[in-house]
Amino acid sequence: MPFMISSPIADSRFRLTESVAVELANIYGTPLYVVDEAHFRTRIRTYLNAFRAAYAKSEISLASKANSTMALVKIAYQEGCTIDVASEGELRVALAAGVPGSKCHLHGNNKQRDELQFALDNGIGHIVADNFDEIELLDELLVGELKQTTKIVLRLAPGVDPATHAKISTGQADTKFGFNIADGSAEKAATRCLELGFNLYGFHCHVGSQLLDPEAQRSGGELIALFAIEMLKKHGYTAEYLNVGGGLGVQYTSKDQPMGMEDYCRLIVETVTTTLSGSGIDPVLGQEPGRSLVAESGLTLYRVGVIKTVPAQTIGRRTYVAVDGGLSDNPRPALYGSKYTVERVAPAPNEGDSQTVTVSGKHCETDKLFEDIALPADLKVGDLIQVLCTGAYNAAMASNYNRYQRPAMALLREDGTHTLIQRRETWEEMLSRDLLPDDLK
Ligand SMILES: Cc1ncc(COP(=O)(O)O)c(C=O)c1O
């Protein structure tokens, strides 16, 4: 029977009211990332409950690459997530937040010896091995008891091509991530781990991000389950864990209609359990969403600095609205042409006329953030605008380009108060890494 999708998702993205936006901008300055704690906790609870309802032996990890701010990692852990880290840096954040190493797992396609050693020293929950060089390196590092106690999961490339931007598509055969199933690499990796006496815990795949059509994840789940059955039949190995990665999409604009968490979890569970049925494999099933847990809980507040209308070829005139941030706090429009929902928040948008404008940042690049969008016709310099759904892959991808200070992040607490969870970078920090050799002083 085909899997039925229930009604489309309502717009439940976090937005600020005018008064709170003005208060936050006055206290913390702009640009400012703002995350709503209640919204974030609700997203996590909804996902956890949906997955648990569909499958008892389920586990959700926050993909901390989406937003590794310490307070948010801690909230996710408090809510019952384990933490997916993709580097020593992300692991250090989780540990500093008070998450035990055993509740984290480590990803990476080129993990360094020191990085692996650091993870082992901190009792990492499991390591997701990506390539043959890493397996051999692990064999050197897993000395004594560690060989039995350290769980190893193999990242598989199931060879599915998801419908998403090429730069966030990872499950296809031509990818730097994981062991290809079809060409026999995955089987070789599994047999090598068994031969070396590793504690092979199971298999993982992550096929891509911002997936509005779940077919690629469904098919990834099916393929890794089939692979687990093959490993049982051919090598007598029983996988205890299967992880289908993250990837569930979010509503950047109203055009984005991702599958709801409940439907998505039921689809994944139904796929994997149907595939495994009768095999005797009864794994813990994992997911590691990032974007779908945190993107919609965050927004960015900017102040309009300049409004300029210029001649434009096909349309006659174009109005540029320059805000006090840009490429350095949100590189996604430049990287993937990402679209966002942009609203004036203070003064509150009236019901009056709108104009089509292009919002640009202040960087020495074209730095077009949001092209040809509608904002109120009476938009003025000094107005505050909010860009929705920036909780994931914004702060985490921020840079110092043009030597701008990375913005602060404020958390709206459940009790209505607010606090900073990341302060704006200081000028001292900005300059502290530069070294002037004596002869240049
Ligand atoms: C291995 C892995 N897991 C999980 C994620 C999280 O994906 P998303 O934020 O789309 O849920 C990613 C994203 O790149 C990833 O590479």
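This is a predicted model: local features need pLDDT of at least 70, side-chain atom pairs count only at pLDDT 80 or more; totals for chains, interfaces and linings use all residues.

Q: OK, and what kind of peptide bond joins alanine 346 and proline 347?
A: A cis one, with omega at about -5 degrees. There is also a cis bond from threonine 30 to proline 31, with omega near -5 degrees.

Q: Where is proline 31 found?
A: In the loop between helix H1 (18-28) and strand S1 (32-36).

Q: Switching topic: there's a ligand in here. How many residues surround the ligand, and which are the closest?
A: There are 14 residues around it, and the closest are Ser209, Gly247, Glu288, Arg291 and Tyr393. Sorted by class, that shell has three nonpolar, six polar and five charged residues.

Q: How far is the polar side-chain atom of tyrosine 393 from an oxygen atom of the ligand?
A: It's 2.6 Å away. Lysine 65 also has a polar side-chain atom 3.2 Å from a ligand oxygen. With glycine 290 the backbone is involved: one of its polar backbone atoms is 2.9 Å from an oxygen of the ligand.

Q: And how much of the ligand's accessible area does the protein cover?
A: The ligand on its own has 390 Å² of accessible area, and the protein covers 91% of that.

Q: Let's do a helix. How far apart are the end C-alpha atoms of helix H10?
A: They're 22 Å apart. Helix H10 covers residues 261-276, which is 16 residues, and at 1.5 Å a residue it should span 22 Å, so the two values agree.

Q: Which residues of H10 are buried?
A: Quite a list: Met261, Asp263, Tyr264, Cys265, Leu267, Ile268, Val269, Thr271, Val272, Thr275 and Leu276.

Q: What covers the buried residues of H10?
A: Among the elements that do are helix H2 (37-54), helix H9 (215-235), strand S9 (241-243), strand S10 (284-287) and helix H11 (291-294). Just after H10 you'll also find glycine 278, with a positive phi of about 80 degrees.

Q: What about helix H8, which residues are buried there?
A: In helix H8 (residues 185-195) they are Ser185, Ala186, Glu187, Ala189, Ala190 and Cys193. Those residues pack against helix H6 (132-141), strand S6 (151-157), strand S7 (179-180), strand S8 (199-204) and H9. Just after H8 comes glycine 197, and its phi is positive, about 80 degrees.

Q: Which way do residues three or four places apart in an α-helix point?
A: They point the same way, because an α-helix has 3.6 residues a turn.

Q: Back to phi. What is phi near in cysteine 389?
A: It's near 65 degrees, a positive value in a residue other than glycine. Cysteine 389 lies in the loop between strand S16 (384-388) and strand S17 (408-412).

Q: Why does cysteine 389 count as buried?
A: Because its relative accessibility is 0%, and buried means under 20%. Arginine 403 lies in the loop between S16 and S17 too, and its phi is positive as well, near 60 degrees. Arginine 403 is partly exposed, though, with a relative accessible area of 42%.

Q: Now histidine 39. Is it buried or exposed?
A: Buried, because its relative accessibility is 14%. Histidine 39 is in helix H2, and its side chain reaches the backbone oxygen of serine 12 at 2.7 Å. Not counting residues up to four places away in sequence, histidine 39 touches Ser12, Arg13, Phe14, Glu296 and Ser297.

Q: Arg13 again! What is threonine 253 in contact with?
A: Setting aside neighbours within four places in sequence, threonine 253 contacts Arg13, Lys339, Tyr340 and Thr341. Threonine 253 is found in the loop between S9 and H10 and is buried, with a relative accessible area of 17%.

Q: How far is lysine 362 from valine 304 in space?
A: They're 11 Å apart, C-alpha to C-alpha, while being 58 residues apart in sequence. Leaving aside neighbours within four places in sequence, lysine 362 is in contact with Val323, Asp324, Gly325, Asp367, Asn402 and Tyr404.

Key. Residues are numbered from 1 along each chain as its sequence is written. Side-chain values use heavy atoms; hydrogens and water are left out. Helices (H or I, at least four residues) and strands (E, at least two) are DSSP runs, numbered from the N terminus. Buried means under 20% relative accessible area, exposed over 50%, partly exposed in between (1.4 Å probe, protein chains only). A residue is near a molecule or strand if one of its heavy atoms lies within 4 Å of it. A polar contact is a pair of N or O atoms within 3.5 Å; within protein, one must be able to donate a hydrogen and the other to accept it, and residues adjacent in sequence count only if both atoms are side-chain atoms. Accessible areas come from the Shrake-Rupley method with a 1.4 Å probe; for residues, only the protein chains shown count as cover. Ala, Val, Leu, Ile, Met, Phe, Trp, Tyr, Cys and Pro count as nonpolar, Asp, Glu, Lys and Arg as charged, and the others, Gly among them, as polar. The expected span of a helix is 1.5 Å times one less than its number of residues. Contact means heavy atoms within 4.5 Å.
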